[in-house]
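Subject: Structure handover

Hello,

Here is the structure for you to look through. My notes on it come after the model.

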Amino acid sequence: MNKFINIAAGFLVASATTASAQELPKLTVYTYDSFVSDWGPGPAIKKAFEETCNCELNLIGAGDGAALLSRLQLEGKRTEADIALGLDTNLTARAASTGLFAEHNSELKNLNLPIDWSDDLFIPYDWGYFAFIYDNTKVKNPPKNFEELIMMPDDFKIVIQDPRSSTPGLGLLLWVKEAYPDRAAEIWEGLAPKILTVTAGWSEAYGMFTEGETDMVLSYTTSPAYHIIAENDETKSAANFDEGHYMQIEVAAKLSSSKNPELADKFLQFMTSDGFQSIIPTTNWMYPAVLPTNGLPTGFEKLISPSKSLLIPSNKAQDARSEALSEWLTVLSQ
Amino acid sequence: MAYSTQPIKLKYLIIGGSAFALLLILTLGTVIVLWLNADIKDALSPSDWSIIRFTISQAIISAIISILIAIPTARALYFRNFKGRQVILTIMGAPFILPTIVAILGIIAVWGRSGYISEFISNFNINPLNIYGFTGVVLAHVFFNIPLATRFIVQGWAAIPIEHFRLSAQLGINSSGISQHIEQPMLKSVIPGIFLIIFLLCISSFAVALALGGGPKATTIELAIYQSLRFDFNFAKAAQLGIIQFSLCAILGIMTVMFSKPVQFSSGLDIKIERWDRTHFRYLLFDIFILTFVCLFLFLPLLSIFIRGIIPIFSLPNTVWIAAFNSILVAIVSSIISIGMAISMSGLIVRVSHKFPITSQTIEIVSFLTLAASPFIIGTGLFILLFPYISPFTIALPITALVNAAMALPFALRMILPAMARAEKNYGKLADSLGMTKFSRFRIAIWPRLRRPVGFSAGLAAALSMGDLGVITLFAPADVATLPLVMYRLMSSYQISAASGVALLLVSLSILLFWVFDRGGQLEHNIR
């Protein structure tokens, strides 16, 4: 019986969506899957924006980072998306070269980023450092750098993301490249036997870690905050690497093909406002691009702060990516 | 072999001809599109070569292991009489309609790092198993192909006259003698065909490598095509890989059509055959061992799907039910297209075959075309072809239905063409002499003889389409999905419980669809 109620409800929901779409303007945002999940920022941000915009905000999970960008390229000018949210500085040059994105025309003065920001197309909404997360009750002596990670016992396994599809995966690629410009291939050769699997997206990898399938997973220094704040669990830590940690700045931009450019601008303004930014720390588990008036939530003070932050400027990231990627593919396909 | 004295009418040419044309566009047409788009000048990189090496080597290993296990299994199944033997044989026919992604989930539940086996061996301080990569891909392929290989070899045994065994017993020939004079020659004649079919199935594997591959080290060509389209927006690369995949499959397809014998689902398996040479306790023990092993290997993952899915199936989110609706729709449409194509092609072939005896060759050519142009090649070709004109994402479901229909066509044709030829031969002249024409001729004289094969192949086509996770992954917009895709997305976000519920729903719907169509074909025609 339950089934039929569900099916009926499904149709009702479907028809209700079409009905309201005719009344209110609809803003479609393509983003990554974890952003739209029930525990991600999606639901709260949809609610907050819809209260003010007199519109319907349609958040669609279209794959992580590069997959999101490819998706937009595949759809081209025909895309329904008004906004792409979830690219990072490693991809902005490639994204800009597609010509699919429009200028934002807003002044960005109040940003609290570790670097100066000037970009005509992309607006940052949060940032963080990539890091390997481990369970501190199981791993007593976490590696302090890539060399130590390579020297860990044979059964010590990590899960990483595919740099072709996922922004953390690409981040790790550039992290290794930036920390070891001349020895990156050698480091990857050492890491290869440690890699349990390479997943397409972040969610899959982190899920494997929380299920106990792997000892460490590539994520962010801010990931333990989730366990501390949401689960009251202090057993998850980020391994502090003394080579420094690569930084990620996540950005959004308006598509030039958008049929609702004003609404899209409104969303981008909302994105750097308190209403959006105060949701980020405890849903996307990243540092907000604009510090909310109430500051960071309790628990964030327990996170590690990297001794050195690494970042390849966005205009050089494209070349660094192709070189590092072919190195990575060659080493890992052996 | 004149089936009908009627001249070939234009309408048969048009209907049958357009079915052939559609098939050619889908198979050869898409390959030409790939060829035109491929960056042939661009040499293959080292990682491309390792993808090709991996694709071939995993297929060879999978085929060898499946056959090595299937040989003793088939022997034990064929010669031992025990309760449940028929059940095992029946279930061995099922992997055909078992959705790949469901089997993968079951395999992870048993063999994964937190699966039953890893949990068990952790009691003895053994490290958990790691099935991601080569091992996992081979494991899944072996899982799918043991039943297939076993069925083929059992048919090989069944083709040996029972007198051979009686005579051997009379002459006092021992097991090694029987092995040498009866079993080995039989295996030599059936195994090349089985090897090629399994090899071909594993070469074009996508879902298994997607879910269990685990990175650049375990990427099949089809997965690489998917990655270059979905991640890199690189049509030329996808097309280049597509051409390589087509060439590989084409070579194998030709070999398969040449070497393999048509599968005959013989019903003679109930004849009791004694193997007087295998009464020794040692042999009995071995047979019990191998059957237990194979049954556990095959049924544990299926059982785990049931156990893990039975509770979550009652609390699945609405999106799952919408996807189920999409899947059923796609399956039914794809089944109708497939059967429609098969009947129109058969109609034409039967009519022209008194001038050109081409019946069996046609089946082979059609099989070859669809085997060589794997669903992914067709999908990629259509993708590149349609991209400039229409967003492929908006027509994801129709394209999936069309590709799935093409994939089921060889099976449908193999069932329907001979039945139609027989019906024309036996009743065609009578119908003509009674002055029956057009639809009533088809309805009264031909259709009753086609019902069963049509029902069976429609069920098969629907079930195959239901479980397909291939083309839809290329085209699916984020808010449209089929059931296998929803299941894969749930697995990717590690919602294993919900994924298990979907798995159970998916496998139940596949079986239900198959059953409904198959039963429909068996109903007596007074219920028409």
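This is a predicted model: local features need pLDDT of at least 70, side-chain atom pairs count only at pLDDT 80 or more; totals for chains, interfaces and linings use all residues.

Chain B: confidence

The mean pLDDT of chain B is 84, and 93% of its residues score at least 70. Within chain B, helix α2 (residues 46-79) has the highest confidence, at 92. The lowest is in helix α14 (residues 359-372) of chain B, with a mean of 74. One stretch of chain B, residues 263-268, has pLDDT under 50 throughout. For residues 263-268 of chain B the model has four contacts beyond four places in sequence.

Chain B: overall form

Chain B has 20 helices and zero strands. Its radius of gyration is 24 Å, close to the 24 Å that the globule rule gives for 528 residues, so chain B is as compact as a globular protein of that length. The C-alpha trace of chain B spans about 80 × 70 × 50 Å along its principal axes. Of the 528 residues in chain B, 51% count as buried. If we take the contacts in chain B between residues at least 6 apart in sequence, 85% of them join residues at least 24 apart.

Chain B: domains

Chain B is assigned domain 1 (7-37 + 311-528) and domain 2 (42-309). Their C-alpha centres are 25 Å apart. In the contact between them, domain 1 of chain B supplies 39 residues and domain 2 of chain B supplies 34 residues. On the domain 1 side, the elements of chain B that give two or more residues are α1 (10-37), α14, α15 (375-386), α17 (438-466), α18 (471-475), α19 (483-492) and α20 (496-522). The largest share of that side is 10 residues, from α20(B). By residue class, the side of domain 1 of chain B that touches domain 2 of chain B has 28 nonpolar, 10 polar and one charged. Note that α14, which gives two or more residues to this side, is also the helix where confidence in chain B is lowest.

Chain A: domains

Chain A is also divided, into domain 1 (24-127 + 248-300) and domain 2 (129-247 + 302-332). The centres of these domains of chain A, taken over C-alpha atoms, are separated by 24 Å. Here 25 residues of domain 1 of chain A are in contact with 28 residues of domain 2 of chain A. The elements of chain A that give two or more residues to the domain 1 side are α2 (33-36), α4 (65-75), α5 (89-97) and β10 (245-255). Of these, α5(A) gives the most, with five residues. The residues on the side of domain 1 of chain A that touches domain 2 of chain A are 12 nonpolar, nine polar and four charged.

Contact between chains A and B

How many residues does each chain bring to the contact? Chain A brings 42 residues and chain B brings 31 residues. On the chain A side, the elements that give two or more residues are α1 (2-23), β2 (56-61), α4, β7 (195-199), α9 (202-210) and α13 (314-332) of chain A. The largest share, seven residues, comes from α1(A). The side of chain A that touches chain B is made up of 16 nonpolar, 17 polar and nine charged residues. Helix α4 of chain A gives two or more residues to this side and also to the side of domain 1 of chain A that touches domain 2 of chain A.

Regards

Key: Residues are numbered from 1 along each chain as its sequence is written. Chains are lettered from A and ligands numbered from 1 in the order in which they are written. Domain bounds come from an automatic or database domain assignment. Two residues are in contact if their C-beta atoms, placed from the backbone, lie within 7 Å. Helices (H or I, at least four residues) and strands (E, at least two) are DSSP runs, numbered from the N terminus. Ala, Val, Leu, Ile, Met, Phe, Trp, Tyr, Cys and Pro count as nonpolar, Asp, Glu, Lys and Arg as charged, and the others, Gly among them, as polar. pLDDT is the predictor's confidence in each residue, from 0 to 100. The radius of gyration is taken over C-alpha atoms; the globule rule is 2.2 Å times the number of residues to the power 0.38. A residue is buried if 20 or more other C-beta atoms lie within 10 Å of its own, exposed if 12 or fewer, and partly exposed in between; C-beta atoms are placed from the backbone.
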